[in-house]
Amino acid sequence: MNQKLLLIGSALMLSLPFSVLAEAVQAQAEYKTDLTAWENTKARGASNLPYNRLEADAGRLEGGALAHGPSFEQEKLESEASGRVYVALPDVGASVEWIIPEAADGVNLRFTLPDSSDGTGLNSQLAVYVNDVFVQNVSLTSYYAWQYFNTEHGNRKPSNDPAFAKGTGSQRMRFDETRFQLDKMLEPGDRLSLRKETDDGLAIGVDFIEIEKIDPVIAQPEGFLSLADFGAQANTEKDAFDAFQAAFAACAEQGKGLYIPEGRYVIVNKLELRHDGLQIQGAGIWHTELFFKFTGRHTVGFSGLASNLMVSDLYVDSDINNRDTGNAFRQHWGTGSTIKNIWLQHFECGFWIGNYEKVTPAPVADGLRVANCRIRNTYADGLNFAKGSRNCIVEECHVRNNLDDSLATWSSDIATVGMTENNTFRNNTIELTLRAAGIGIFGGQGHTVDNCLVVDGFGGSGIRVSSSFPGYGFGDAAHTLIQNCTIIRCGTRNTLFHSESGGINIGIKRTDVQNIVFKNIEVIDSAVLGIKIWQSNPDVSLRNVIFENVQVRGTGKDGLGPGHGMPISAAIKGWIELKNVSFEDINGVTMINRSSDFEIREMD
């Protein structure tokens, strides 16, 4: 039995590779009941994801297709794959095939393709067959993949140049995604296969597909103007920026919203939203695409510079393939704004929220809601509530393959705004964070992390609470509560800063870390450590941090050495409190307190 955890929509299930296609649908139904050990995880994470995931290694492999993994070794491709396993299609004739469990016509493919020697990427394709009948080719490129780090040049900024990683370097972000729509609806029991038919010498790797039934086009709402009436031309390379500017002005004058009809629109500048109450409505994430072309730093995406804004039902992409470029959603978004039903990829960050204009008094995000979004393949954070963001919410989102923190709040600006307060991450699924944490809390107070699922953190912890970055520390007016979360296969023995990382990391560096509650948390199958607590500054301390009903089940799963349950560094001062904290399957010492100045208070 292949005990690989499989994400199907928002549920976790155990999967088996099948060899007899006729048995597959029944077998998949049986797998869904084989969840005794994972009952608490089934309800965690995003609950309304509209797609089913079909892992490549659970499909039928033919023509030399071969599953690789599982492995936590970072130099291996499979270490960046879901469940640390992917399927290679090395030669012409190699294929992977799945039985389709439900009606679907939208497919999203996660794949890997080799890079070129100069780092600009290579191109290939896969043939798509349904019930052995060819239906289309899917184009693939590694243009967006492969980021290289060199420790001799510092760890913050990666390069597209493979030579940058030679010697002491490493490579990451080796997988990317592409989506396609089928002309005919797949029905339950159909066989969908991807076959390598191009003789280009390139080995293609398949991690999984996600299939869904595409929703109908959202019609133009009453009280909305159409972008088409301002000269925008869909499905061409004509820049639509001027059409957007004219439409924004008309919407502000008439008090109406803006509807973006179906089609792909190219934009060669950022879209600044400066009028309170502006609503932007697309035709749906499979129907309206905004494609930004990069011309300079922060010249892409949406800049929210007003209040009560709404942006909804769009697919947002760009030609960006590196860091220090631009974000899909930037600036402060004022008070009471909403961004929902967005699918985005290929930006520096998906959302970087904070005021970056010279305005006095400086505005902050207050009550921004980000909901039902797919935040994928970013070269830094997936989302960060920075500066003085407060009362902001991320909910029912799926966040994947981010090169820095997938979701974070950072109280970063002492000079012009107050600390971050009362930001909430709830009901989110986070996967395959490549360098930092799945969820990061960096200062502020009153934050809540609730009912989140963090899986396969490649280069860092599942959840990190830290004062490593400049800015406000942790306030004493309200606790930060992290509860009802599951962390699976996270942490590493080799961060880019040559340190070990746990499923949970608590770091004390610039300011005290205080008033944190971890409640009802599962840390499962950590690559190395369960919960790591460290301190590098003797002038600060950790205090009033409570762990209640926390289970650490499995450490050292990378197989490369011991993995302790809860190691505490020698330099630390202060105290924590443990209530019903348990450890099992620990490949090392359960708890290590190396400091005589640090107290562990164990409560009944």
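Helices (H or I, at least four residues) and strands (E, at least two) are DSSP runs, numbered from the N terminus. The structure above is a predicted model, in which local features need pLDDT of at least 70, side-chain atom pairs count only at pLDDT 80 or more, and totals for chains, interfaces and linings use all residues. Residues are numbered from 1 along each chain as its sequence is written, and side-chain values use heavy atoms, with hydrogens and water left out.

## A helix and its cover

Let's start with helix α2, which runs over residues 241-254. From its first C-alpha to its last, this 14-residue helix reaches 20 Å, close to the 20 Å expected at 1.5 Å a residue; the expected span is 1.5 Å times one less than the number of residues. Just after α2 comes Gly 255, with a positive phi of about 70°.

Which residues of α2 are buried? They are Phe 241, Ala 243, Phe 244, Ala 247, Phe 248, Ala 250 and Cys 251. Here, buried means under 20% relative accessible area, exposed means over 50%, and partly exposed is in between (1.4 Å probe, protein chains only). Strands β16 (224-226), β17 (257-260) and β18 (263-267) are among the elements that cover these buried residues, and so are β19 (271-273), β20 (279-282) and β21.

## Pockets and cavities

Now for the empty spaces. Rolling a probe the size of a water molecule over the atoms shows where empty space is left. On a 1 Å grid over the protein atoms alone, a cavity is a set of points where a 1.4 Å probe fits but cannot get out, while a pocket is an open set with protein on both sides within 12 Å along at least five of seven lines; lining residues have an atom within 4 Å of a point. Grid points are joined across faces, edges and corners, and a volume is the space filled by probe spheres set on the points.

| Space | Volume |
|---|---|
| Largest pocket | about 1,000 Å³ |
| Second largest pocket | about 430 Å³ |
| Largest cavity | about 40 Å³ |
| Second largest cavity | about 30 Å³ |

The largest pocket has 43 lining residues, and those nearest its centre are Asp 404, Asp 405, Ala 436, Arg 464 and Phe 469. At least two lining residues come from each of β24 (327-331), β26 (349-353), β38 (463-466), β40 (502-508) and β42 (529-535). Of the elements, β40 gives the largest share, three residues. By class, this lining holds 14 nonpolar, 14 polar and 15 charged residues. In this sorting, Ala, Val, Leu, Ile, Met, Phe, Trp, Tyr, Cys and Pro count as nonpolar, Asp, Glu, Lys and Arg as charged, and the others, Gly among them, as polar.

The second largest pocket, at about 430 Å³, is lined by 20 residues, with Thr 178, Arg 179, Glu 289, Tyr 315 and Asp 317 closest to its centre. Two or more of its lining residues come from each of β10 (133-141), β13 (175-186), β21 (288-292) and β23 (310-318). Its lining divides into eight nonpolar, six polar and six charged residues.

How many cavities of 30 Å³ or more does the structure hold? There are two. Residues lining the largest cavity include Phe 442, Ser 466, Phe 469, Tyr 472 and Arg 510, and by class that lining has four nonpolar, six polar and one charged residues. Around the second largest cavity, the lining includes Gly 354, Pro 363, Lys 387 and Asp 413; its classes are five nonpolar, four polar and two charged.

Ser 82 sits in the loop between β5 (66-68) and β6 (86-89). Is Ser 82 buried or exposed? Ser 82 is buried, because its relative accessible area is 2%. Its side chain makes a polar contact of 3.4 Å with that of Arg 53. A polar contact is a pair of N or O atoms within 3.5 Å; within protein, one must be able to donate a hydrogen and the other to accept it, and residues adjacent in sequence count only if both atoms are side-chain atoms.

Ser 536 lies in the loop between β42 and β43 (542-553). With a relative accessible area of 45%, Ser 536 is partly exposed. Not counting residues up to four places away in sequence, Ser 536 touches Ile 508 and Lys 509, where contact means heavy atoms within 4.5 Å.

Arg 369 belongs to strand β27 (residues 369-371), and is partly exposed at 32% relative accessible area. Arg 369 and Ser 337 are 32 residues apart in sequence, yet 6.4 Å apart in space, C-alpha to C-alpha.

Finally, Asn 427 is in the loop between β33 (424-426) and β34 (429-431). Its C-alpha is separated by 10.0 Å from that of Asn 372, 55 residues apart along the chain.
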